[in-house]
Amino acid sequence: MHLTYRPASIMDISLCAEMLPDGFCSDPEMVRFMFQIWRIWLQEERMLITILEDADQKNNPVVAFGCSVFVTDDFVQEAATCVEPPIALDLARRVAAHRAPVLDYEAISRANLADGLNLLVPLIGWSHSKLTPSDVPFVKAKLIEAFEFRFGGYMLKDIMQEIYSEAEMQRGLMAGLSVRSDYAWYYQRIGRLPLPNARPYLLGVSREEAKEGATLSRSFLYTPPRFFFKRGERDLLVLAGIDQTDEEISQALCISLSTVQKRWRSIYDRVAAVAPDLLPGVNFPGPNGQRTGSEKKRLILRYLKHHPEELRPATPPEAGKETLSS
């Protein structure tokens with residue numbers, strides 16, 4: 001296997017339907033409604049979906065996915081006592097009742113510089129038809145790597161994840177999570193138990209609960225951003241950070257190549273204005289005595305690898321709503 005990850009597009013959501021965990025839901029209408037909500041949330045940037053691909057799978061390389069949303073403080077409190085499993089379907093039901101607890105883009109931007117965000121991972125899945133049992137540990141390890149890439153740099157105050165099976169629950173405990181709910185109250189109410197290998201558990205850890213040295217403790221490390229890149233600039237930098245070319249970025253963001261190059265120039269100007277030491281022109285001079293674009297790009301991406309907070313939504317102090325960079 002040669003695994004890579006990338007942000008999902010709307011077209012990927014239909015593939016996620018083929019990778020749901022065993023025992024997830026027996027109501028196909030509700031599952032279809034959930035995916036309709038995902039499409040809206042993905043477009044509105046309320047939801048982050050990460051796709052794992054295996055380059056050795058030539059026709060359809062998608063082998064796994066993980067989705068995440070940011071939720072309100074009230075929902076964190078409710079989740080441990082009165083949210084029915086699967087939690088991904090509960091979110092969809094709340095949308096239908098006009099009481100969805102999922103933050104929108106502007107709320108995420110504000111909270112990320114205020115008291116922090118509650119991250120919920122309602123669902124991950126992988127292809128049982130494409131992966132052997134020996135492949136699954138490598139897929140899970142890559143999903144963890146993708147999680148760290150996509151959520152490093154957020155000011156997190158709580159992380160929750162719903163998993164399926166006692167084995168997954170034990171792995172979560174080893175990573176530093178604790179059991180928020182085993183949904184015993186729910187199964188007692190409906191008068192039946194789930195299948196042994198498909199029981200849902202809601203796991204979680206707060207910033208205060210995270211133990212130093214635990215796998216997830218570094219997820220709560222946070223440094224405020226310096227550059228406050230515009231929304232479109234951050235979209236570009238996220239894709240460049242996973243080694244996509246300008247041509248691939250153009251296609252992924254549905255913008256022209258000239259717009260990609262315009263955003264790079266804007267990024268270079270912003271970095272030069274805020275941190276001129278990051279792009280000194282004395283070394284590796286180009287034809288005009290300045291660093292070439294490729295050299296500037298390399299230096300910025302190297303910096304962002306260690307400063308992912310620059311890639312996250314954050315409304316600058318005393319600024320209004322963020323607008324998409326042209």
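**Entry 1: Phe24**

I started at phenylalanine 24, which touches Val31, Met34, Pro86, Ala88, Leu89, Leu123 and Tyr164, leaving out residues up to four places away in sequence; contact here means heavy atoms within 4.5 Å. Before going on, I noted that this is a predicted model, where local features need pLDDT of at least 70, side-chain atom pairs count only at pLDDT 80 or more, and totals for chains, interfaces and linings use all residues. Residues are numbered from 1 along each chain as its sequence is written, and side-chain values use heavy atoms, with hydrogens and water left out.

Phenylalanine 24 sits in the loop between helix H1 (13–16) and H2. Helices (H or I, at least four residues) and strands (E, at least two) are DSSP runs, numbered from the N terminus. Phenylalanine 24 counts as buried because its relative accessibility is 5%; buried means under 20% relative accessible area, exposed over 50%, partly exposed in between (1.4 Å probe, protein chains only). I also checked it against isoleucine 159: 135 residues apart in sequence, 21 Å apart in space, C-alpha to C-alpha.

**Entry 2: Trp38 and the cysteines**

Next I looked up tryptophan 38, which is in helix H2. Tryptophan 38 is buried, at 2% relative accessibility. Its contacts, again not counting residues up to four places away in sequence, are Ile13, Cys16, Met47, Ile49, Phe65, Cys67 and Leu123.

With a disulfide taken as a pair of cysteine sulfur atoms within 2.5 Å, the count comes to 0. Cysteine 67 is in none, and the nearest cysteine sulfur, in cysteine 16, is 7.6 Å away. Cysteine 67 is buried, with a relative accessible area of 0%.

I have cysteine 254 down as exposed, at 73% relative accessibility.

**Entry 3: helix H4**

Then I went to helix H4 (residues 87–96), where 7 of the 10 residues are buried, so the helix is largely enclosed by the rest of the structure. The buried ones are Ile87, Ala88, Leu89, Asp90, Leu91, Ala92 and Arg94. Among the elements covering them I found helix H2 (28–44), helix H3 (73–79), strand S3 (62–71) and strand S7 (200–206). Just after H4, I noted a positive phi of about 60 degrees at histidine 98.

**Entry 4: second largest pocket**

Of its 25 lining residues, the closest to its centre are Ile124, Lys140, Leu143, Ile144 and Gln161.

Which element gives the most to this lining? H6 does, with 7 residues. S3, S4, helix H6 (136–151), S5 and helix H7 (166–174) each supply at least two.

For the record, a pocket is an open set of points on a 1 Å grid over the protein atoms alone, where a 1.4 Å probe fits, with protein on both sides within 12 Å along at least five of seven lines; lining residues have an atom within 4 Å of a point.

**Entry 5: Ser181**

Last stop was serine 181, in strand S6 (residues 178–181). Serine 181 is buried, at 4% relative accessibility. I logged contacts with Ala79, Ala80, Tyr201 and Leu202, not counting residues up to four places away in sequence. The side chain of serine 181 also reaches the backbone nitrogen of tyrosine 183 at 3.0 Å.

Methods:
Polar contact = N/O pair within 3.5 Å; in protein donor to acceptor, adjacent residues only side chain to side chain.
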